[in-house]
Amino acid sequence: MSERIPRQQIYQLQPELAKALISLDKAAADSAFSPLLVHLVKLRASQLNGCAFCQRMHAEEARHDGETQRRLDLLAAWHEVDDLFDAREQAALRWTESLTRVAQSPVHDSEYAALTEHYSEKEIVDLTCLIIAINGWNRVAIAFHLQPI
């Protein structure tokens with residue numbers, strides 16, 4: 001499968017697209033989240049969306065920042081393994097899945113309540129920005145068949 005529009009050309013044709021997504025990414029990056037949590041969220045959303053380009057990129061970045069291959073291998077089944085992901089990571093992954101699948105199922109109050117046990121309101125907004133951004137990047141990559149590099 002070849003790219004529909006070359007990656008660089010997409011952002012030349014619509015520079016505001018990249019600016020908007022980068023701005024959301026920066027908002028989350030300026031938060032207190034560990035880089036490993038950010039990678040897990042981005043990778044999990046990319047898995048759910050089937051975005052090969054972003055899965056490849058975020059798995060590589062996670063390994064570079066010290067994430068273990070075991071956790072990366074089991075991320076898609078995070079809720080099946082004991083003690084591999086801590087409660088804070090599990091809450092973020094649950095929120096990621098809820099927001100990424102929002103067209104299939106509503107975000108329930110119980111999911112939000114579980115999130116508030118581990119994150120402040122500011123952190124929840126930052127985490128939501130991160131999830132919105134990666135879902136946006138995934139849609140760009142999928143729409144134009146961006147190939148993993």
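Mentor: pLDDT is the predictor's own confidence in each residue, on a scale from 0 to 100. Confidence is lowest in helix 2 (residues 15-29), with a mean of 88, and highest in helix 5 (residues 69-74), at 98. Helices here are DSSP runs of H or I with at least four residues, strands are E runs with at least two, and both are numbered from the N terminus.

Some housekeeping. This is a predicted model, where local features need pLDDT of at least 70 and side-chain atom pairs count only at pLDDT 80 or more, while totals for chains, interfaces and linings use all residues. Residues are numbered from 1 along each chain as its sequence is written, and side-chain values use heavy atoms, leaving out hydrogens and water.

An unreviewed UniProt entry carries the annotation "domain: Carboxymuconolactone decarboxylase-like" over residues 15-97; UniProt positions are in the numbering used here, feature names are shortened, and annotations may be inferred rather than shown by experiment. Over that stretch, residues 15-97, the chain is 72% helix and 0% strand, with 29 Å between the end C-alpha atoms.

Now the interior. A nonpolar core is a set of buried Ala, Val, Leu, Ile, Met, Phe, Trp, Tyr and Cys residues joined through side-chain atoms within 4.5 Å. Buried means under 20% relative accessible area, exposed means over 50%, and partly exposed is in between (1.4 Å probe, protein chains only). The largest nonpolar core has 14 residues, and V41, L115, Y119 and L127 touch the most other members. Helix 3 (35-49), helix 6 (87-100) and helix 8 (121-143) each supply at least two residues of this core. Helix 8 brings the largest share, four residues. If you zoom in on L115, it is in contact (heavy atoms within 4.5 Å) with A91, A92, W95, I124 and L127, leaving aside neighbours within four places in sequence. Apart from that core lies another one, of 13 residues, including C54, I134, A141 and L146.

A141 lies in helix 8, and at a relative accessible area of 3% this residue is buried. Not counting residues up to four places away in sequence, A141 touches C51, F53 and L146. The C-alpha atoms of A141 and A52 are 8.4 Å apart, although 89 residues separate the two in sequence.

Next, the open space. On a 1 Å grid over the protein atoms alone, a cavity is a set of points where a 1.4 Å probe fits but cannot get out; a pocket is an open set with protein on both sides within 12 Å along at least five of seven lines, and lining residues have an atom within 4 Å of a point. Grid points are joined across faces, edges and corners, and a volume is the space filled by probe spheres set on the points. The largest pocket holds about 230 Å³. It is lined by 16 residues, with Y11, F53, C54, M57 and W137 the closest to its centre. At least two lining residues come from each of helix 1 (7-13), helix 2, helix 4 (52-64) and helix 8, and helix 4 gives the most, with five residues.

Some charged residues deserve a look. D25 is found in helix 2 and is buried, with a relative accessible area of 17%; leaving aside neighbours within four places in sequence, D25 is in contact with K42, L130, A133 and W137. E61, in helix 4, is partly exposed at 30%, and its C-alpha atom is 9.4 Å from that of P35, 26 residues away along the chain.

H145 sits in the segment after helix 8 and has a positive phi of about 55° although it is not a glycine. H145 counts as buried, at 19% relative accessibility, and it touches M1, S2, E3 and R4, not counting residues up to four places away in sequence.
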